[in-house]
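Here's a quick briefing to read with the viewer open. Take a look at the fold, then work through the points below.

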Amino acid sequence: MKHVISPLDLSTQELSDILSLAGKILDDPKKYFGCCHGKKLATLFYEPSTRTRLSFEAAMLNLGGSVLGFSSADSSSAAKGESVSDTIRVVSSYADICAMRHPKEGAPYVASIHSSIPVINAGDGGHNHPTQTLTDLFTIKTLKGRLDHLTIGFCGDLKFGRTVHSLINAMVRYPGSRFILISPDELRIPTYLREEVLEAGNIPYQETKALEEVMPELDILYMTRVQKERFFNEEDYIRLKDSFILDALKMQYARSDMLVLHPLPRVNEIATEVDDDPRAVYFKQAELGVYVRMALIMTLLNITPHTQN
Ligand code: CP
């Protein structure tokens, strides 16, 4: 049994297989309906979500399975003090696979230790968000045609943005990856990522505050929201929240084939006038997340279209 807690829990080959399966599902979704008949997905969300929870649920329903779960800690027995380990022991007897989001880093890992069903980390604090990474990789591969030799600009809250941490960890595996890290000083990537991943791996990167200057170099611009919920005080959040706002004027500096990704939700870091630019693919990205989660569920449940019963 396999759990997916970090993007690194999937080998490069496993990642490639999941992306390839997601591509096949995208081409012919109806073929896969019924693959998970009789299987149940539990969505245990201790923190708010729109895309991740609903796309997991849509994925399981598209595969002919069923879903159960909760969408906030308050509506579960966590509100009465139940531990994650006790909850997953119980849920293991109700469902075949589980997706868990939790505000505490490491909570899905703790769950995986006590689980008898595959646990998927659907976002843990400011740490990791591996299925957003799968979504991002699938979006880049589908729309750009490759995952190697890309210059990716990450812009915004690189300190607390778990989607950034997970995607950097995944992209360093592909040859020719180069990163431009655009953030205020206070929101730079964590030291462990800079030293243990980028510098240890001799990965080319640059840190800057000048978005316009680096725009012409980018193949991908990955915008992020300043993560209000991870700040210790409101004053710092207010000071930093509008550090970078992508608008139509700034898009003029970008290449004609640059793609703008954003894991969403957006607050105001991308002006709505950018939405109609063909390079803005964040809503397509959210759509593609369903197909890659269908592929992940099938993979973790060892289901292929030919083994369905
Ligand atoms: N991208 C993402 O995790 O969105 P939600 O918080 O809506 O799930």
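In which helix is methionine 251 found? The answer is helix H10, which spans residues 248–251. Keep in mind that this is a predicted model. The chain has 309 residues, and its radius of gyration of 19 Å agrees with what a compact globule of that length would have.

**Overall picture**

- The protein chain is built with 11 helices and 9 strands.
- Burial is the state of 56% of the 309 residues.
- Among contacts with a separation of 6 or more, 74% come from residues 24 or more positions apart.

- Methionine 251 is buried, because its relative accessible area is 2%, under the 20% cut-off.
- Beyond its neighbours within four places in sequence, methionine 251 is in contact with Met215, Leu246, Met258, Val260, Val274, Asp277 and Arg279.
- Proline 216 lies 35 residues away from methionine 251 along the chain, and the two C-alpha atoms are separated by 9.5 Å.

**Helix H3 and its buried side**

- Helix H3 covers residues 84–91, and its buried residues are Val84, Ser85, Thr87, Ile88 and Val91.
- Those residues are on the same side of H3, because they cover an arc of only 160° around the axis.
- What do the buried residues of H3 pack against? Their partners are strand S1 (40–45), strand S3 (97–102), helix H4 (107–113) and strand S4 (119–124).

- Helix H6 (residues 162–171) is mostly covered, with 10 of its 10 residues buried.
- The buried residues of H6 include Arg162, Thr163 and His165, along with Leu167, Ile168 and Met171.
- Threonine 133 is found in helix H5, which runs over residues 130–144.
- Is threonine 133 buried or exposed? Threonine 133 is buried, since its relative accessible area is 2% and the cut-off for burial is under 20%.
- Not counting residues up to four places away in sequence, threonine 133 touches Pro7, Thr163, Ser166, Leu167 and Ala170.
- Thr163, Ser166, Leu167 and Ala170 are also listed among the buried residues of H6, so threonine 133 of H5 touches buried residues of that helix.
- Serine 49 is 84 residues from threonine 133 along the chain, and their C-alpha atoms are separated by 16 Å.

**Histidine 37, out in a loop**

- Histidine 37 has its place in the loop between helix H1 (12–27) and S1.
- Histidine 37 counts as exposed because its relative accessibility is 56%, and the cut-off for that label is over 50%.
- Setting aside residues up to four places away in sequence, histidine 37 touches Leu63, Gly64 and Gly65.
- How far apart in space are histidine 37 and arginine 225? They are 37 Å apart, C-alpha to C-alpha, and 188 residues apart in sequence.

**Backbone points to check**

- The peptide bond from leucine 264 to proline 265 is cis, with omega near 5°.
- Proline 265 belongs to the loop between strand S9 (259–261) and helix H11 (282–300).
- Asparagine 202 is not a glycine, although it has a positive phi of about 50°.
- Asparagine 202 is in the loop between helix H7 (191–199) and strand S7 (205–208), and it is exposed, with a relative accessible area of 68%.
- Asparagine 302 also has a positive phi, near 55°, in a residue other than glycine.
- Asparagine 302 is found in the segment after H11, and it is exposed, with a relative accessible area of 64%.

Notes. Residues are numbered from 1 along each chain as its sequence is written. This is a predicted model: local features need pLDDT of at least 70, side-chain atom pairs count only at pLDDT 80 or more; totals for chains, interfaces and linings use all residues. Side-chain values use heavy atoms; hydrogens and water are left out. Helices (H or I, at least four residues) and strands (E, at least two) are DSSP runs, numbered from the N terminus. The radius of gyration is taken over C-alpha atoms; the globule rule is 2.2 Å times the number of residues to the power 0.38. Buried means under 20% relative accessible area, exposed over 50%, partly exposed in between (1.4 Å probe, protein chains only). Contact means heavy atoms within 4.5 Å. The arc is that of the directions from the helix axis to the C-beta atoms.
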